[in-house]
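This briefing looks at aromatic rings, at charges placed over them, and at nonpolar cores. Please have the sequence and the structure open while you read.

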Amino acid sequence: MKKYCLDLRVASAEHLTDHHVLLKLTSDDALPEMCPGQFVEVRIDHSPSTFLRRPISINFVDLKRNELWLLVAAIGNGTRELYQLKSGDTVNCLLPLGNGFTLPSNDHYKGAKKVLLVGGGVGVAPLLWQGKKLKDAGLEPAFLLGARSAKDLLELDLFKKVGPVYITTEDDTAGEKGFVTNHTILQREQFDLIQTCGPKPMMKAVAGYAREKQIACEASLENMMACGLGACLCCVEKTKEGNLRVCQDGPVFNINKLLW
């Protein structure tokens, strides 16, 4: 898929929490083709200590509005600068990067109908658009979302428009108490495919459940990335096929490739 370096305009910056912002970016030209699970490398223009672009998952693409959505957690100097962006500002983006989630078909995960999308923290970001793609394809997506507390749950209203949403929180302020792999939905229902993104310990636990139940599973890795183009090798993951570059060969992998 062709890559582009584009100056995009901030159509809106919606502050969801005191450290999460939903940036909706647009352009006078049509946005390039992208798919769920891919990411964007964003240039940070006003942080003297930030020399590298920041990798941000694609949250959603609204074709009618010609908008690219990025869900950003302000956790460092670079992302704090992105949190401060306002409508009308310009953001330089390198996109689309990496390989996304699979849409079940006769060639991939044939017969998969019910798909469980499991996310934790800001790792929920790429699952919204993937869920919409699955629904549009006539499949049955469901979401299992985990967070430390109810205040950390993001975009719930949007997820609920796509499919049923199941929640866990560590402090028991919403949904069921515990981690995503503790949710009773995993005992009550059978799924054909699991796709997950979030902290690595969470994804390893989800992968363990999938293997135990013999369910196909894909995980979107969040290794540290610098260039996003496979040149710097800082995001390498040891796999059954040797060392693979998460930004180039992933970030989405079938768990059967991973040494989990």
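Which residue lies over the face of Trp69? In this predicted model, that residue is Lys24, placed at 4.1 Å from the ring centre. The points below begin with charges over rings, then turn to aromatic pairs and to the nonpolar cores.

**Charges over rings**
- Besides Lys24, which lies over the face of Trp69, there is Lys114, whose charged end sits over the ring of Phe191 at 5.3 Å from its centre.

**Aromatic pairs**
- A pair of aromatic rings is described by how far apart the centres are and by the angle of the planes.
- The count of aromatic pairs comes to two.
- One of them joins Phe60 and Trp69 in a tilted arrangement, with 5.0 Å from centre to centre and 45° between the planes.
- Phe60 is buried because its relative accessible area is 14%, under the 20% limit, and Trp69 is buried too, with a relative accessible area of 8%.
- Phe143 and Phe159 form an edge-to-face pair, 4.8 Å centre to centre with 70° between the planes.
- Phe143 belongs to strand S8 (residues 140–147) and Phe159 to helix H3 (residues 156–162), so this pair ties together parts that are 16 residues apart in sequence.
- Phe143 and Phe159 are both buried.

**Nonpolar cores**
- The largest nonpolar core has 51 residues, of which Leu25 and Leu68 touch the most other members.
- When neighbours within four places in sequence are left aside, the contacts of Leu68 include Lys24, Leu25 and Phe60.
- A second, separate core of 31 residues has Val118, Met202, Ile215 and Met225 among its members.

Conventions. Residues numbered from 1 in each chain as written. Predicted model: local features only at pLDDT ≥ 70, side-chain atom pairs only at ≥ 80, totals over all residues. Heavy atoms only, no water. Phe/Tyr/Trp six-rings, centres within 6.5 Å; stacked < 30°, edge-to-face > 60°. Buried < 20%, exposed > 50% of the residue type's maximum accessible area, 1.4 Å probe, protein only. Helix = DSSP H or I, 4+ residues; strand = E, 2+ residues; numbered from the N terminus. Lys NZ or Arg CZ within 6 Å of the ring centre and 35° of its normal. Core = buried A, V, L, I, M, F, W, Y, C linked by side-chain atoms within 4.5 Å. Contact = heavy atoms within 4.5 Å.
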